[in-house]
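This briefing covers a single protein model. The notes below are grouped by topic.

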Amino acid sequence: MKQEARILPAVLGPLVLLIIMVALVFLSAGIPGFRPFFNLEGMLLVGGGTFLLVWASYSLRDIFSLPTSAMVAHAADCAVSLGVIGTVLRLIVMFDDITDVTEVPKHIAFAMTSLFYGLILAEVILSPIRHR
């Protein structure tokens with residue numbers, strides 16, 4: 001029972017925070033407000049890249065068994081770093097292919113989603129797990 005009492009806040013807290021963020025986006029911009037957040041490349045880079053970098057440091061058996069605090073901290077660091085890398089890569093592509101200056105803000109917003117995914121993964125999902 002004591003283990004369940006520790007796991008519940010680690011799951012419930014981030015879930016409630018994500019629901020609040022979704023509600024804020026919806027209340028401020030409606031359904032179209034979610035369009036800038038759909039960046040499959042950023043999701044794959046941050047999620048898949050974090051897994052691959054953790055796998056480079058730990059065995060699959062260690063990853064899929066009960067993760068240690070050090071392993072989760074490493075994953076959180078990787079997620080933020082890959083979010084920054086994804087943002088920089090997207091900005092480089094955007095600046096190389098710039099044709100219409102009025103489109104720049106939309107492209108910058110799209111580029112920032114990789115960083116957003118990295119921060120969400122690191123601070124909202126992995127950080128509570130690490131501290132439990």
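Asn39 is found in the loop between α1 (2-29) and α2 (40-57), where helices are DSSP runs of H or I with at least four residues, strands are E runs of at least two, and both are numbered from the N terminus. The model is predicted: local features need pLDDT of at least 70, side-chain atom pairs count only at pLDDT 80 or more, and totals for chains, interfaces and linings use all residues. Residues are numbered from 1 along each chain as its sequence is written, and side-chain values use heavy atoms, with hydrogens and water left out.

**Asn39**
- Asn39 counts as buried, at 2% relative accessibility; buried means under 20% relative accessible area, exposed over 50% and partly exposed in between, with a 1.4 Å probe and protein chains only.
- A polar atom of the Asn39 side chain lies 3.2 Å from the backbone nitrogen of Glu41.
- The Asn39 side chain also reaches the backbone oxygen of Phe110, at 3.4 Å.
- A polar contact is a pair of N or O atoms within 3.5 Å; within protein, one must be able to donate a hydrogen and the other to accept it, and residues adjacent in sequence count only if both atoms are side-chain atoms.
- Leaving aside residues up to four places away in sequence, Asn39 touches Phe110, Thr113, Ser114 and Tyr117, contact meaning heavy atoms within 4.5 Å.

**Aromatic residues**
- Four aromatic pairs are found in a search of the whole structure.
- Rings of Phe, Tyr and Trp (its six-membered ring) pair if their centres lie within 6.5 Å; planes under 30 degrees apart count as stacked, over 60 as edge-to-face and the rest as tilted.
- Phe37, Phe116 and Tyr117 form one aromatic cluster.
- Phe116 is partly exposed at a relative accessible area of 32%, whereas Tyr117 counts as buried at 13%.

**Helices α4 and α5**
- The axes of α4 (residues 69-96) and α5 (residues 104-130) come within 8 Å and cross at roughly 180°.
- That makes α4 roughly antiparallel to α5; angles under 35 degrees count as roughly parallel, over 145 as roughly antiparallel, 65 to 115 as roughly perpendicular and the rest as oblique.
- The residues of this contact divide into 20 nonpolar, seven polar and two charged.
- Axes are lines fitted to C-alpha atoms, for helices over the stretch in contact, and angles run from 0 to 180 degrees between N-to-C directions.
- Val80, placed in α4, is partly exposed at 25% relative accessibility.
- Not counting residues up to four places away in sequence, Val80 touches Gly118, Leu119 and Ala122.
- Val80 and Val16 are 64 residues apart in sequence and 21 Å apart in space, C-alpha to C-alpha.

**Loop between α4 and α5**
- Asp100 lies in the loop between α4 and α5 and is partly exposed, with a relative accessible area of 36%.
- The side chains of Asp100 and Thr102 are joined by a polar contact of 2.8 Å.

**Whole protein**
- The protein has five helices and zero strands, in the order α-α-α-α-α from the N terminus on.
- The C-alpha trace spans about 60 × 35 × 15 Å along its principal axes.
- Of the 132 residues, 30% are buried.
- Among contacts between residues at least 6 apart in sequence, 69% join residues at least 24 apart.

Note on methods: Nonpolar A, V, L, I, M, F, W, Y, C, P; charged D, E, K, R; others polar.
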